[in-house]
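Notebook open, model loaded. I'm jotting down what I looked up, strand by strand and ring by ring.

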Amino acid sequence: MMTPLPLALVLRQALILGLGATSHACVGVLALRPLAPALLLAPSPSFSARRAFSLVELLTVLAIFSILLALLLPAVQAARESARRASCANNIKQLGLAIQNFESAHGHFPRAACGLSSVTGDWCLSPAGQLVGYLDDRPRADAISGAGHSLRDSDWDRLPIDAPPVLHCPSDSLAAGRAASYRFCRGVLPLWPQDAGGVFQRFQPHRPSDVTDGLSQTAFVSERLIGTTAGDNRWRDPLVLSSVDSTALTADCAAANQLDPPATPSAVLQSPVGSRWLSGDRLHVSYYHAFPPNSAWRDCTGRPSMSGLSLMSARSFHPAGVQVGFGDGRTVLVSNQVDLAVWRAWATRSQGETAATAP
């Protein structure tokens, strides 16, 4: 027994047939023809089963979406990195302004990495620690001033105060807590205990008048990746060598980097490099221009008991280079392919190099 069609379907079919029977297409009463029983009982095409996607069609659609995702993902990642790089540049610019304000208040730039004192044998407060009050971070500045430590005090290394967010580069996933991404230029090579040529030297604070090469031609601040606890990351962690002085460290570092296969760390540092923002230890606060930005050569440090001996270079995860803050307050992204002579000339304050033309 066949099931009768719904009334709405009967009326629709009747309307279609009735339109064919009218003599004029005008507004009026439609004359409906009688419907045959077979027509009333015929199944409607609209109720027939719809055809599903085939496997080929489904795979084609997935392939199209995959291609679109492959095209869009690099653009999204590049946009995110561009935003992170801009944030990093802004951090260095704020540090540059803080240095200028510090100089206006004290008549000199902050002291840097004291290293081993010939008198007390201790470390000093880092330049970043001295600048906190000029970074609009009054709570941290009050905590530091209320800690009861002198400028040259080894206890700064253990003070449990997290670094201000302005010291964290967003492109470095390890930049958090007490770590600091930014360092202060000491010169081209570690010449401890002699003057390395840069603005931020051991014990002695410098003034703008000491920067005869020009503030616009002298690097003040750059970035470096935070070290790991394992000490085996070639981009983050230095080689720990047995060097006993700066001259030996430079030669030993060059020799270790030319070994095939490359040298591996002979020891693990007690604290990863850059992990103590308040410490004046050079491992955490200084960098040099001996190597170009993001050099394939690994950085080096002396034996753990002589961690003041270190050869740290500017490093970042920015694709094109590193951010550098100059003495006049400008922040520039310096390419990894920068001319090494120019790069080294920017590190000194009064050598009179003519090749140093800051971008």
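Which residue in β8 does Gln 323 stand opposite? I looked, and Gln 323 faces Leu 333.

Ground rules before I go on. This is a predicted model, so I note that local features need pLDDT of at least 70 and side-chain atom pairs count only at pLDDT 80 or more, while totals for chains, interfaces and linings use all residues. Residues are numbered from 1 along each chain as its sequence is written, and side-chain values use heavy atoms, with hydrogens and water left out.

Entry: I took strands and helices as DSSP runs numbered from the N terminus (E, at least two residues, for strands; H or I, at least four, for helices). Two strands pair if DSSP finds at least two bridges between them. The β7-β8 hairpin has 4 residues between its strands, and Gly 329 in the turn shows a positive phi of about 95°.

**Entry: rings.** I searched the whole structure and got 7 aromatic pairs (Phe, Tyr and six-membered Trp ring centres within 6.5 Å; planes under 30 degrees apart stacked, over 60 edge-to-face, the rest tilted). Phe 326 and Trp 346 are edge-to-face because their planes stand at 85°, with centres 5.4 Å apart. This pair links distant parts of the chain, 20 residues apart: Phe 326 is in β7 and Trp 346 in the segment after α8 (340-345). Trp 346 also pairs edge-to-face with Trp 343, at 6.3 Å and 75°. I checked burial too: Phe 326 has 2% relative accessibility, so it counts as buried, and both Trp 343 and Trp 346 are buried. Elsewhere, Phe 109, Phe 184, Phe 200 and Phe 220 form one cluster.

**Entry: arginines.** I see the charged end of Arg 330 over the ring of Phe 326, 5.0 Å from its centre (NZ of Lys or CZ of Arg within 6 Å of the ring centre and within 35 degrees of the ring normal). Arg 234 lies over the face of Trp 235, at 5.5 Å. Arg 186 sits in β1 (residues 182-187), and its side chain makes a 3.0 Å polar contact with that of Tyr 288 (N or O atoms within 3.5 Å, one able to donate a hydrogen and the other to accept it; residues adjacent in sequence count only if both atoms are side-chain atoms).

Conventions: Buried means under 20% relative accessible area, exposed over 50%, partly exposed in between (1.4 Å probe, protein chains only).
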